[in-house]
Amino acid sequence: MLGPLDKLLRKKTPSHGAMAVVTGAGSGIGAAFAAELGRRGGKVVCSDIDDAAARQTADELTQRGAEAIAVRCDVSQVDDVYALADQAQAWFGAPPTLVINNAGVGTGGEPIGDVPLGDWVRTLGVNLWGPIHGCHVFTPILREAGPSAGPQGIINVASAAAFGAAPGMAAYNVSKAGVLSLSETLAAELSGTGITVTVLCPTFVKTNIVESGLAAGRISEESSALASKLMRWTGFSAGKVARICLNAHDRGELYCMPQFEAKVGWNVKRLAPGTYTRAAGLISRARI
């Protein structure tokens, strides 16, 4: 006779009991995804370019009774992502069932033409090419495993910046818009395969991305100060965003916009794109 735990394990969703790979797991939303997946009975490969941060996340999961390992990976380098896939499959003893392309960097504060091209290269390399590499490497693995592997999924972390068109954020906006389009295309291509695709588009989340961008010189002090205030006033915790996103993914939803203002912005942009963009410019100038 099946007990309650046996029944729960039989009723798997993509996020429950997952064999998951999370990039950018050393901090912020990535670390929150890893922690929540561990709570949901998953085995988690915690990947990050910062090996020490990845190990800390993995150690915290194992201390709570979850199974986790750390793997260093620079997602802007496709060879690193192939190596990540190999190490994950070797540790799982099977293909992963959930891949979360989360790694990202922040940039902003200068208009197009003033933004150093190096900032464009670095931002697109991590924020856009990272998810491209993740989808390129892991999608064939999930497809080949097929429905017999159980519930499968890919979550790409974008941002409300993907459609927000905030002035002074061009490189970041473009990178996240690309992730949104990538996710929509992938969902169309995987329709009917049983592989769920979700794109996460939050507004402000209480993470260290602004501080990291400021330290690296990719975010101006003025933009950093404003973003930090908005995070404190309106931002969700990374843990809350991860839970909302995983629940949306389990329901098979393509778009996850955890905050009310993200949903409003998305709908206004779709209904009146010209008006929305002009308003974004006026609001920005009013702040200056």
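Visitor: Leaving aside neighbours within four places in sequence, with which residues is Phe33 in contact?
Guide: This is a predicted model, in which local features need pLDDT of at least 70, side-chain atom pairs count only at pLDDT 80 or more, and totals for chains, interfaces and linings use all residues. Residues are numbered from 1 along each chain as its sequence is written, and side-chain values use heavy atoms, with hydrogens and water left out. Contact means heavy atoms within 4.5 Å. On that basis, the partners of Phe33 beyond four places in sequence are Val22, Ile100, Ile155, Val157, Leu200, Ala242, Cys245 and Leu246.

Visitor: Which residues have the most contacts inside the largest nonpolar core?
Guide: A nonpolar core is a set of buried (under 20% relative accessible area, 1.4 Å probe, protein chains only) Ala, Val, Leu, Ile, Met, Phe, Trp, Tyr and Cys residues joined through side-chain atoms within 4.5 Å. The largest such core has 30 residues, and those with the most contacts inside it are Phe33 and Ile100.

Visitor: How many residues does the other core have, of which Met19 is one?
Guide: This core lies apart from the largest one. Val21, Val81 and Ala103 are also among its members, and its size is 25 residues.

Visitor: What pLDDT does the chain average?
Guide: The pLDDT is the predictor's confidence in each residue, from 0 to 100. Of the residues, 83% score at least 70, and the chain average is 87.

Visitor: How many contacts beyond near neighbours in sequence does the stretch 209-218 have in the model?
Guide: Over residues 209-218 the pLDDT is below 50. Beyond near neighbours in sequence, the contacts of this stretch in the model number 28.

Terms used: Buried < 20%, exposed > 50% of the residue type's maximum accessible area, 1.4 Å probe, protein only.
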